[in-house]
2 protein chains.
Amino acid sequence: MDELREHRAVPGTAAPLDNAGLVSRSISEVFATRGRSAEAYHPAFAQLWKICGERIAGGKRIRPRLMLDMFAALSDDDLPPAAIEIAAAIELLHASFLLHDDVFDGDLTRRGSLNLVGLLAHDERLSHERPSPQRLHWARSCGILMGDLLLAEVHQIFARVDVEPAMRTRLLDLLAHAITESVVGEQLDIGLEDGTVVADTATVLEMCRLKTATYTFELPLRAAAILAGADSPATDAALAAAGAHLGLAFQLQDDVLSTFGDPAAHGKDAFSDLREGKETAVISAARMTSAWPEIEPSFGTGSLTNAEGERLRGLLRECGAEAFVRGLIDDQMRALHETLADPASGLPDSARQPLAALAGRLDGRRS
Amino acid sequence: MDELREHRAVPGTAAPLDNAGLVSRSISEVFATRGRSAEAYHPAFAQLWKICGERIAGGKRIRPRLMLDMFAALSDDDLPPAAIEIAAAIELLHASFLLHDDVFDGDLTRRGSLNLVGLLAHDERLSHERPSPQRLHWARSCGILMGDLLLAEVHQIFARVDVEPAMRTRLLDLLAHAITESVVGEQLDIGLEDGTVVADTATVLEMCRLKTATYTFELPLRAAAILAGADSPATDAALAAAGAHLGLAFQLQDDVLSTFGDPAAHGKDAFSDLREGKETAVISAARMTSAWPEIEPSFGTGSLTNAEGERLRGLLRECGAEAFVRGLIDDQMRALHETLADPASGLPDSARQPLAALAGRLDGRRS
């Protein structure tokens with residue numbers, strides 16, 4: 001989902017801030033405040049907040065933007081401070097998940113730059129040497145701890161947000177739901193990779209929905225409706241369904257783009273998913289075809305050459321896996337449009353536009 | 001701190017429950033409720049809640065008991081449901097920390113039994129074989145995720161507790177403080193082991209206070225005062241100080257007992273700390289003596305024989321490290337008694353008794 005980058009983060013400025021700027025400022029304030037108190041403890045602890053704050057400052061704020069767009073669509077009121085705080089908290093939740101995800105995946109980089117674990121693993125003076133096991137252990141442990149701190153911070157923001165108690169309870173319920181589903185999704189993703197969970201297409205699709213769609217789309221959309229006071233059961237259900245369809249469509253498109261797309265556009269190594277043996281929807285579709293015995297021996301081979309990668313890509317295309325997944329994306333988009341069109345969904349017209357606009361982005365996506 | 005086991009967990013019973021029984025029931029209800037909703041997702045997710053609930057059921061509930069004892073000392077009111085819930089949440093916080101701690105330490109057992117990671121790492125059918133790297137990765141990742149879920153649950157309980165908003169904010173502040181200090185302590189502990197943090201006695205003592213004393217002693221004591229409405233700034237500060245002194249004394253005594261105590265009483269391998277190269281206060285004291293060059297070559301040697309362990313123990317005793325740490329314990333106890341005796345502390349007499357009783361337990365401790 002990192003690939004949704006039509007917007008850019010707004011840098012701090014003396015001019016009045018737009019909504020995204022207000023969210024960025026709210027996030028910066030968390031890191032500034034926590035970073036200052038961290039200094040009283042130990043330089044290593046202060047460094048954790050500092051690095052994490054720097055990493056997060058370059059974020060694209062997709063989730064907060066979606067939340068604020070939906071709030072504006074559902075409410076004529078000015079944006080309340082509570083909405084800015086919840087939007088910032090959702091971005092911190094994303095950062096917390098990424099920190100733990102990088103540890104699970106053993107990744108030292110994210111989108112071409114060293115991540116927090118990578119920065120801590122490499123002693124600055126010896127940045128080109130392979131980190132020692134002790135150094136890697138330290139860096140990964142710090143990644144887990146920083147994820148814990150952000151997860152705690154997210155809850156503190158939700159718990160203190162200045163809204164009516166019933167509204168706060170609704171937001172806390174939604175947060176619990178999003179965290180539960182994201183954790184199940186992450187667990188399934190790891191299980192699929194480690195071979196403890198069987199890789200069938202239904203499980204892979206469910207994993208994608210749980211791991212990414214819930215917190216990236218459903219959470220911001222439903223939080224906006226709650227804060228706008230527009231969360232009738234029908235609207236809430238429609239936004240949940242729309243979020244799931246959109247999220248799954250985007251995630252499936254990620255799988256298609258990272259396998260078949262232009263590496264210059266998506267910024268990843270062209271064959272990294274194939275080398276890592278990532279259980280994408282494309283792969284689970286290929287497993288069902290007669291081409292699989294030809295694909296399997298090279299799939300997940302760390303030493304996969306580019307020529308071999310090209311050959312696998314051709315096989316995945318020819319066996320129909322690409323077309324199958326593109327069909328699944330169309331399915332999700334059709335389901336989305338049905339949800340939006342259904343008058344019984346209780347979705348106000350105002351809310352349909354940003355969702356349709358988001359769906360429209362899918363077509364032009366190259367990364 | 002696991003060694004404080006004068007109390008036993010009260011098993012579920014048809015008779016009216018005492019306070020500890022109410023806390024146990026509250027914890028069981030969390031696992032029952034969450035376990036049921038987990039089944040809707042995936043068996044692997046439901047298994048996580050099930051195993052974790054079984055592991056936690058045997059806990060000694062030291063922290064909840066301390067909280068409830070202090071509440072009773074500070075308030076004539078009946079124990080409110082809010083106090084039971086917060087006591088249960090503090091136990092869940094402990095469980096969350098243990099889950100991540102076992103991952104950092106690479107431990108598959110805790111106090112002689114397989115922990116959650118150990119249970120998941122060993123395929124039941126092949127329980128005596130060494131787990132594969134994939135299986136270990138799966139188990140450790142699940143340990144991290146379960147810790148995340150419990151950390152989220154703790155915050156949900158604090159955020160929803162049915163007390164006045166100002167009291168809830170005080171409890172949330174205290175929770176944030178306890179989590180911050182525990183994370184710093186854990187980070188320092190890992191850094192001391194991995195060699196990224198320099199091992200001097202001051203840092204080792206600070207690590208012990210932060211990692212264990214804050215959430216084990218300070219958090220329950222101060223939470224009790226908040227819930228009892230007895231948290232004047234002076235009382236709050238006195239309980240914080242008392243918690244820090246008690247916690248550090250217990251932790252230092254743990255170090256002494258696990259190095260010099262009777263393994264039959266403390267239940268650990270007699271030389272495990274020496275084999276693992278654990279940076280205890282005893283070791284940091286020995287580092288300052290002329291005996292260190294003789295100790296160092298064997299310290300942290302996985303293959304340390306019992307005879308060699310006995311020799312190291314003798315050296316640690318002769319060089320004065322044992323006496324030094326016992327002196328530090330006396331120091332903390334003196335500081336505790338001064339805190340309790342100081343009339344300016346604002347500590348009511350009623351609160352002195354449980355703290356003095358807890359201090360008294362230190363003397364007879366063998367494990």
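This is a predicted model: local features need pLDDT of at least 70, side-chain atom pairs count only at pLDDT 80 or more; totals for chains, interfaces and linings use all residues.
1. Layout. Chain A is split into domain 1, made of 17-59 + 81-162, and domain 2, which covers 166-367. The centres of domain 1 and domain 2 of chain A, taken over C-alpha atoms, lie 25 Å apart.

2. Extent of the interface. Where domain 1 of chain A meets domain 2 of chain A, 18 residues of domain 1 are in contact with 16 residues of domain 2. The size of an interface is often given as the accessible area lost when the parts come together. Here domain 1 and domain 2 of chain A bury about 1500 Å² between them, and 73% of that area is on carbon and sulfur atoms. On the side of domain 1, A:Ile90, A:Phe97 and A:Phe158 supply 35% of the area buried against domain 2 of chain A, more than any other three residues.

3. Polar and charged pairs. Three residue pairs are in polar contact between domain 1 and domain 2 of chain A, counting pairs with both residues at pLDDT 80 or more. The rule finds one salt bridge across this interface. A:Lys211 forms a salt bridge with A:Asp101, with 3.1 Å between the closest N and O atoms.

4. The domain 1 side. Which helices of chain A each supply at least two residues of the side of domain 1 that touches domain 2? They are helix 4 (81-105) and helix 6 (133-160). Helix 4 of chain A gives the largest share of that side, 10 residues. By type, the residues of the side of domain 1 that touches domain 2 of chain A are 12 nonpolar, two polar and four charged.

How values were computed. Residues are numbered from 1 along each chain as its sequence is written. Chains are lettered from A and ligands numbered from 1 in the order in which they are written. Side-chain values use heavy atoms; hydrogens and water are left out. Domain bounds come from an automatic or database domain assignment. Contact means heavy atoms within 4.5 Å. Buried area is the accessible area (1.4 Å probe) that two parts lose on being put together, summed over both. A salt bridge is a side-chain nitrogen of Lys or Arg within 4 Å of a carboxyl oxygen of Asp or Glu. A polar contact is a pair of N or O atoms within 3.5 Å; within protein, one must be able to donate a hydrogen and the other to accept it, and residues adjacent in sequence count only if both atoms are side-chain atoms. Helices (H or I, at least four residues) and strands (E, at least two) are DSSP runs, numbered from the N terminus. Ala, Val, Leu, Ile, Met, Phe, Trp, Tyr, Cys and Pro count as nonpolar, Asp, Glu, Lys and Arg as charged, and the others, Gly among them, as polar.
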